[in-house]
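The structure is shown first.

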Amino acid sequence: MTVTDRRWLEAAARLAARGVPLSRPNPSVGAILVRDGIVVGRGWTQAGGRPHAEAVALQQAGERARGATLYVTLEPCAHVSARGPACADLVAASAPARVVIGCADPDPRTAGKGAERLREAGIAVTLANNAACEASLAGYLSVRRRGRPQVTLKLALSQDGALARPAGESQWITGEAARRHVHALRAQMDAILVGSGTLRADSPRLDVRLPGLEHRSPERWVLTSGPAPDGWRAIADPANLSAMLPAQYLMVEGGAHTARSFLRAGLVDRLAIYRAPLSIAGPVPRLPEMTADALADSSEWHRIDSRPLGSDTLDVYEAVPCSPE
């Protein structure tokens, strides 16, 4: 794979982000057709999962797809369904000279069959195992490989790990810019989960309140042993994430108890920590293990992003994969 291939795959991965999470139950895939260095077609998986990215890009390109190079984040599907034809067949019929695949599809209905069908049609196929494409498909790959969604734990903390201010003070730790960013993050999720204590104490809305994105509000789930109120879904045990399917992306926004429940179960894939430039004294809920200093010394987490949001800071961490024994 060339440097040019990698750049086009990264561009396809950015396209795929536009379909998250609206493409569910299908993964959001990105596809770009390039001929003589010029984009002749591009697409991403549409709302509800159809049409697929390849179909959108091929329709745009028309006859210009013949002899072009198709860059696609996920192996084209090989199975025909009631909702449409197999993308591998559509691509083969359009006769590009080459297909560069960012990530193999673990779905057993495709798993290698899509690439093989393209080769049988005389198309050169490159499987890139591209990191950007893998990242763009993180929720889908988690469901296929681990039987659960990708889990992001979102926390708003003071510098000393406090999750809340003392009773009677403002409910907010972070400022307006950080809170707007949280809403943008919610818009990328299938569902948000809080604990029953948070639900009782705060009655959180957990919606998206950004102009034009209100329709992207995720489902609301509560970790509880009892029934959920109207508009909520009850999850009895954080370990039973298979009950959360077909969700691909879940954000946990609960308090200290819920956060620790997911952390101790090893079910958190990513941390999104909004840090306020203040310390909070007194008997308030705390997660001292999530302070910047504690995470800097941790072998379990790797920081992948840090950015200012007004007077606050967003730090994003990914779990370090366990080494095989």
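## Packing of α3 and α4

Helices α3 (87-94) and α4 (113-120) pack at an angle of about 20°, with their axes 9 Å apart. Axes are lines fitted to C-alpha atoms, for helices over the stretch in contact, and angles between N-to-C directions run from 0 to 180 degrees. The angle makes α3 roughly parallel to α4 (under 35 degrees; over 145 is roughly antiparallel, 65 to 115 roughly perpendicular, and the rest oblique). The crossing of α3 past α4 is right-handed, meaning that the near helix is turned clockwise from the far one by less than a right angle.

In this contact (heavy atoms within 4.5 Å), A88, D89, V91 and A92 of α3 meet G114, R117 and L118 of α4. These residues divide into four nonpolar, one polar and two charged. Ala, Val, Leu, Ile, Met, Phe, Trp, Tyr, Cys and Pro count as nonpolar, Asp, Glu, Lys and Arg as charged, and the others, Gly among them, as polar.

## Basis of the model

The model is predicted: local features need pLDDT of at least 70 and side-chain atom pairs count only at pLDDT 80 or more, while totals for chains, interfaces and linings use all residues. Residues are numbered from 1 along each chain as its sequence is written, and side-chain values use heavy atoms, with hydrogens and water left out. Helices (H or I, at least four residues) and strands (E, at least two) are DSSP runs numbered from the N terminus.

## The buried face of α4

Seen down the axis of α4, the buried residues fall within an arc of 100°, so they line one face of the helix; the arc is that of the directions from the helix axis to the C-beta atoms.

The cover over these residues includes α3, β4 (98-101) and β5 (124-127). After α4 comes G122, which has a positive phi, near 85°.

## Two buried threonines

T73 sits in the loop between β3 (69-72) and α3, and is buried with a relative accessible area of 0%. Leaving aside residues up to four places away in sequence, T73 touches L9, A12, A13, V29, G30, G102, C103, C133, S136 and L137.

T291 belongs to the loop between β11 (270-275) and α10 (292-296). T291 is also buried, at 12% relative accessible area. The C-alpha atoms of T291 and D160 are 6.2 Å apart, although 131 residues separate the two along the chain.

How values were computed:
Buried means under 20% relative accessible area, exposed over 50%, partly exposed in between (1.4 Å probe, protein chains only).
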